[in-house]
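Subject: Structure handover

Hi,

Here is the structure for your files. My notes on it follow below.

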Amino acid sequence: MYERERDRILVTGWFSFLHGEATAGDVLALARVERVLRDAGLAYDVVWSPGFRADGTHFADVDPAAYSRLVFVCGPVHGTQVEELHRRFAHCVRIAVGVSVVDPDSPAVTGFHRVLARDAAGSGPGLDLAARAPALPPVPVVGVVLTHGQHEYGGRRRHEEVAAALTGWLAGRDCARLELETRLDAHDWRLCGTPAQLEAVLSRLDLVVTDRLHGLVLALRAGVPVLAADPVEGGAKVTAQARACGWPALVPAERLTGAAAGAAEEGLLGRWWDWCLTDGRAEAARIGAGFRADPDAVPDAAGESVPDAADGLVAALRAASEAGAGR
């Protein structure tokens with residue numbers, strides 16, 4: 001019955017407009033509608049904003065005569081963009097589903113043949129479509145800790161190029177990205193105020209991508225694998241610290257800049273990414289346990305204490321005091 005081209009349904013929403021907005025809720029609402037249409041055996045096409053999905057179907061590609069029905073999904077029904085739909089697809093049966101009705105007398109609302117509202121004056125609220133969207137596949141949660149400073153390295157600085165390579169590459173990975181900052185601030189709500197707050201975030205991640213020394217150390221302290229890049233040509237403190245920690249997933253600045261950048265993004269970064277999310281998990285947990293081990297703990301405590309410079313501090317103080325007293 002619905003195999004004829006003119007019986008196809010065009011599915012649209014705010015995620016379809018060039019100057020609209022594609023939110024996670026809207027796209028999940030779309031997924032709920034798509035499942036309903038597929039289960040009913042109805043043929044449909046989805047229109048996407050070219051600013052959100054450049055490879056999708058856009059309004060510029062659509063022949064209105066190919067469709068007999070239009071379904072508008074989620075969001076508020078108001079404004080000139082929705083009104084234009086009614087004009088362009090005047091021959092279609094038009095239905096809005098899961099939407100908010102702010103002004104029931106608006107042409108954007110009255111232009112629909114049927115409005116299955118999520119919320120509207122005079123009616124009880126309905127469950128948002130996103131709530132019953134199909135289950136989603138798990139994706140890794142990745143903390144991104146980058147620095148744009150460290151001017152003390154002068155002409156060896158490759159911070160901007162390294163950050164651009166990392167973020168450009170991350171944009172193409174299927175992961176949830178969370179930008180983090182090691183700087184603490186008791187007055188800026190966007191930043192952590194204590195190390196414990198930052199560690200609480202880090203410990204819940206699957207992976208950290210960083211070009212900062214403390215991005216590397218604090219992630220490993222939390223037992224989380226790290227894909228680290230040294231933003232200084234020739235290597236500097238990030239490289240030294242990775243070596244001190246015994247952490248192998250390190251990419252030098254030279255591999256992320258210049259002619260080598262493309263190959264590194266396709267190969268080296270991808271290989272370390274895969275390792276971090278597999279074998280690297282156990283290695284990060286082992287290293288983190290060593291960081292946290294109490295040197296005075298009983299023998300069956302997890303891991304062995306990892307030495308650092310503070311282990312020699314008391315002896316250095318005593319030696320310096322004795323040397324001073326002998327003058």
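Ser-203 sits in the loop between H5 and S8. Helices here are DSSP runs of H or I with at least four residues, strands are runs of E with at least two, and both are numbered from the N terminus. At 39% relative accessibility, Ser-203 counts as partly exposed. The cut-offs: buried is under 20% relative accessible area, exposed is over 50%, and partly exposed lies in between (1.4 Å probe, protein chains only). Leaving aside neighbours within four places in sequence, Ser-203 is in contact with Ala-222 and Val-224. Contact means heavy atoms within 4.5 Å. The C-alpha atoms of Ser-203 and Leu-218 are separated by 9.4 Å, and the two residues are 15 apart along the chain.

Before the rest, the ground rules. This is a predicted model, where local features need pLDDT of at least 70, side-chain atom pairs count only at pLDDT 80 or more, and totals for chains, interfaces and linings use all residues. Residues are numbered from 1 along each chain as its sequence is written, and side-chain values use heavy atoms, with hydrogens and water left out.

Helix H6

H6 covers residues 213-221. Its buried residues are Leu-213, Gly-215, Leu-216, Val-217, Ala-219 and Leu-220. What do the buried residues of H6 pack against? The partners are S6, helix H5 (195-202), strand S8 (207-210), strand S9 (226-229), H7 and helix H9 (279-292). Just after H6, Gly-223 takes a positive phi of about 80°.

Two packed helices are described by the angle between their axes and the distance between the axes. Axes are lines fitted to C-alpha atoms, for helices over the stretch in contact, and angles run from 0 to 180 degrees between N-to-C directions.

H6 against H7: the angle is about 20° and the axes are 8 Å apart. The two helices are therefore roughly parallel. That label takes angles under 35 degrees; over 145 is roughly antiparallel, 65 to 115 is roughly perpendicular, and the rest is oblique. On the H6 side, Leu-213, Leu-216, Val-217 and Leu-220 make the contact. They meet Lys-237, Val-238, Gln-241, Ala-242 and Cys-245 in H7. The residues of this contact divide into seven nonpolar, one polar and one charged. Nonpolar covers Ala, Val, Leu, Ile, Met, Phe, Trp, Tyr, Cys and Pro; charged covers Asp, Glu, Lys and Arg; the others, Gly among them, are polar.

H6 against H9: the angle is about 90° and the axes are 7 Å apart. H6 and H9 are therefore roughly perpendicular to each other. Val-217, Leu-220 and Arg-221 of H6 make the contact with Ala-284, Ile-287, Gly-288, Phe-291 and Arg-292 of H9. This contact divides into five nonpolar, one polar and two charged residues.

Ala-240 lies in H7 (residues 237-245). At 41% relative accessibility, Ala-240 counts as partly exposed.

Aromatic pairs

How many aromatic pairs does a search of the whole structure find? The count is 10. Rings of Phe, Tyr and Trp (its six-membered ring) pair if their centres lie within 6.5 Å; planes under 30 degrees apart are stacked, over 60 edge-to-face, and the rest tilted.

Phe-15 and Trp-48 have ring centres 5.4 Å apart and planes at 50°, so the pair is tilted. Phe-15 is in the loop between strand S1 (8-13) and helix H1 (24-39), and Trp-48 is in the loop between strand S2 (44-46) and S3, so the pair ties together parts 33 residues apart in sequence. Both Phe-15 and Trp-48 are buried. Trp-48 also pairs with Phe-52: the centres are 5.9 Å apart and the planes at 45°, so this pair is tilted. Phe-52 is partly exposed, with a relative accessible area of 40%.

Arg-53 lies over the face of Trp-48, at 4.0 Å from the ring centre. The test is NZ of Lys or CZ of Arg within 6 Å of the ring centre and within 35 degrees of the ring normal.

Ring pairs also link Trp-14, Phe-17, Phe-59, Phe-72, Phe-89 and Phe-112 into a cluster.

Backbone

Cys-74 has a positive phi of about 65° although it is not a glycine. Cys-74 is in the loop between strand S3 (67-73) and helix H2 (80-88). Cys-74 counts as buried at 2% relative accessibility.

Best wishes
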